[in-house]
Amino acid sequence: MTLVTLLLACAATMPAPDVRRMPAPEAWRMPAPEAWGMPASDAWRWPLGPPAPRIVRGFSPPPAPWSSGHRGVDLAARPGQPVYAAGPGRVSYSGRLAGRGVIAINHGPVRTTYLPVRSQLPLGRPVEAGAHIGVLEASSHCAEPCLHWGLLRDATYLDPLSLVRPRIRLLPLWPSEPTPADAKPEQPPPYEPEPRLDLRDATTATGGAIAGILLALACSLAWRTTRTLTRRKPPTGVIDLTQERRQRRQRQTPSP
């Protein structure tokens, strides 16, 4: 909560946050700087370096304005290292709060904050991007020496890395084939009606079906005849009951 108090006191013109309304998730995202009347994207730079500093802790906005979170980014640095303005603007605060040096710069609709920084710039001094604004002080804010860099728009905290990181938007890559100017559009094939079944075709189909039936009957009759002729006789000593019954009926039938 000490860090929150420091950042809220950086700008004298900042209105009091409305704690009754929780900002939408889109409020944490920052559009292109040109959309807010700010300097162009190429006018911003890291507050340390070059080279670009190592990020010790990233931006982690709170779920509500009164909740805990990390309202900025921590950049690895060493005490006494020079700190530079991230973009062109005007100094809106330069002093000490709770024993820490704090400097804030207005960039139109947004402002950046830097702490702990010892600065000699007076209030209202215009600065350019990359201007020397102070040196880093030793602090226990991080486990290692670091610069806490913040970005605010009114009472909404934004990710300051969105100022220096390029915006990349992935789009599908469609293969393009050049078309000659005199090329004609491909015409669909001509319509061909389906062939209709005439009387000759119907007669042929009916005759084929009848021939198939007759062939099946002939094959069945031939199979039965062959089975009857090739039936094996019973071996010697085995009585054929069927033949015995047939002969008995013949004997019992009186002759006319």
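**View 1. Strands E4 and E5 pair up through seven bridges.** The two strands run antiparallel, and E5 covers residues 100–107. A pair here takes at least two DSSP bridges between the strands; strands themselves are DSSP runs (E, at least two residues), helices are runs of H or I with at least four, and both are numbered from the N terminus. Look for Gly95, which stands opposite Val102 in E5. At the turn of this hairpin there are two residues between the strands, and Ala98 takes a positive phi near 55 degrees.

This is a predicted model, with local features needing pLDDT of at least 70 and side-chain atom pairs pLDDT 80 or more, while totals for chains, interfaces and linings use all residues. Residues are numbered from 1 along each chain as its sequence is written, and side-chain values use heavy atoms, leaving out hydrogens and water.

**View 2. E4 also joins strand E8.** Strand E4 (residues 89–97) and E8 (residues 126–127) run antiparallel, with two bridges joining them. Gly89 has Val127 as its bridge partner in E8.

View 3. Trp46 sits in the loop between helix H1 (2–8) and strand E1 (55–57) and Trp149 in strand E10 (residues 146–153), so the pair ties together parts 103 residues apart in sequence.
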